[in-house]
Amino acid sequence: MNLFSYAARNLRRSGQRTCIMIGAMGFAGAIMIFYAALLEGFIMTTEKNAIGMETGQVQIHVHTYLDDPDIYSQITSQDEAMAKLNRLGYHSAPRLFAFGLAAAGSSSSGVMLRGVDTEREPLVTGIHQHVKSGNWLDRNDPTGVVIGQKLARIIGVGLGDEIVIVGQAADGSMANDLYRVRGIMKSVGEGIDRAGFFMIQETFRSLFLLDEGCHEIVVVPSKNTTKSLDEMTAEIRAAIPQYEVKNWRQLRPVLARIIDMTSASLVVMLIVTYAAVGILTLNGMLMNVFERIREFGIIKALGMPPWKIFTIISLEAIMQVSIASILALFLAIPLSLYCEIHPLNLSSLAPDSATIAGIAFDPLWYCDLTSNSILLPLFFMFLFTVLAILYPALKASLIQPLKAIYHR
Amino acid sequence: MNRKSIVELNQICKIYQQGKLQVTAVDCLSLQIAQGEFSALYGPSGSGKTTVLNMIGALDEPSSGDVIIEGKTLAGMDRTALSRLRRDRIGFVFQAYNLVPVLTAYENAEFVLALQGVPIRERRQRVMSILEEVGLADLADRRPDELSGGQQQRVAIARAIAPEPAIILADEPTANVDSATANGLLDLMENLNSNKGVTFLFSTHDQRVMDRARRLIELKDGKIASDGVSP
């Protein structure tokens, strides 16, 4: 007779209750793994939309640009800066910005014109793959522009339609020209959706009479890196000290907070769920102890030390939570993997996309099953089970044999 | 020849507080049990038999006086030491058998040996020989719910004698069995006493036990009313 076998037999003794407890813990575990995978998916999609489509990991500007985005606040030594970044193992792409008015027919809307380096931009963002209809920019089509989906709706244009742009060129003259819509973007974020107007860099320069320089350099690591975001920022800042270097967390604090809160909400949900499951476990284990109180008295009278009784109760709980974990994995992994390919479709709630604080959230909610989404719920399940059994295990182990033997 | 004293009770009292009332369960009782005795405490309900047995078994402590087992005073021993004393030197046979329901007859009988850390091989030899002795070798793999009351009590006796304790305390061991089974159990315990020198102290109402006991100690109101060799 060893303690493990003794504990296992005790579990079989109240088979129905054991099954209910394992089932409840397993189901809660499965739900939480699935929920964690959904949140990971949400974070991944949000980061992909915001960082992978627009912001990049790190951005470089002249010091005054972010506070006052002026057409004259340019990075003049962009080639030198990008060469340095390349040597450090980063991809980078220059961007140009200017404000203007887009008009089509009798409608008009303020836009932010974006001059894009069509060769370098795909290295830092995936925006070129985020076209809802039509095509991305092409250097062979200098008058072809890509616009945000809400802008297209506001000014009532579709693919092939013409748009007039009016703005102020760098020399103070009026910049205006006629462009043709060659692509309409999927939702990226409120800024791009409502005012995004993409054109190739050369066209931008010609419209605004900007021969050189850029307003922004977007930077991402060229390969998978173990460096943290802060380390990358510090490294780039040290390499290019003359410009302002900020990472996406500093540039988009609201987004960073939403992502942090989403991660924190998982922990809160885990605590709430497992506190409930913990009460069930506590209840079950207390019933278990009270039913066997006489037996504990006998085995203590026969000389079993308290720690062995504590171990028996703990082993019973650990066995139950281990089986529940396997059950949870068995239920949650296939479900989460299925939802990695077949997302939950929330488009009936938000037809195109929902935006919160200017950040677009995809109505297709994918799961992202990571080691974190599996291990964190299981860790909490074990933690709360251990906490829940402490009281019954201590009660059983510290029981006075005489009182227990004559317990009625 | 003077036999070695296993149990010595010196002026022990046990007073329970029941609300504002003090109940004296054992009243300044002194007693000695020598090695190899086959003795019985008897008396009416509430006379203090079980309380005395519990104090000898280190399950309860006296309000005053000393309990001495094999020359060691129990007063002042910590829980661990008392637990070890029960495990190694005292065997218990309870009225309601009190076997562990999830363990087989063999496992119940080896329970205390396993706690003592006796090696598996030696354990097996000793337990099988004892089960043979109590007539349960063929039923070693059965669980308590697959055994009759008498068989369960035999397993309890096997469990009590397996670690070769100094004394076996048997609290109404024949109370829950029929007459034939009770006689069988008493035969078994008598044989163990005669052949192996196992010391038994019973607490009983049962005339059959009193008929077999070689020393009868009558308790009345927590005091020894009579103590003598059985005729």
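How many salt bridges does the rule find across the interface of chain B and chain A? I found one salt bridge there, a salt bridge being a side-chain nitrogen of Lys or Arg within 4 Å of a carboxyl oxygen of Asp or Glu. Arg9(A) and Glu107(B) meet in a salt bridge through their side chains, at 2.4 Å from N to O.

Before going on, I noted that this is a predicted model, where local features need pLDDT of at least 70, side-chain atom pairs count only at pLDDT 80 or more, and totals for chains, interfaces and linings use all residues. Residues are numbered from 1 along each chain as its sequence is written, chains are lettered from A in the order in which they are written, and side-chain values use heavy atoms, with hydrogens and water left out.

Next, I looked at the rest of the interface. Chain B puts 27 residues into the contact and chain A puts in 22 residues (contact means heavy atoms within 4.5 Å). Together they bury about 2,100 Å², with 60% of it on carbon and sulfur atoms; buried area is the accessible area (1.4 Å probe) that two parts lose on being put together, summed over both. On the chain B side, Val102(B), Phe111(B) and Leu115(B) lose the most area to chain A, together 24% of what that side buries.

Last stop: Ser373(A). I found Ser373(A) buried, at a relative accessible area of 0% (buried means under 20%, with a 1.4 Å probe and protein chains only). Leaving aside neighbours within four places in sequence, Ser373(A) is in contact with residues including Ile33(A), Glu40(A) and Asp368(A).

Methods
Buried means under 20% relative accessible area, exposed over 50%, partly exposed in between (1.4 Å probe, protein chains only).
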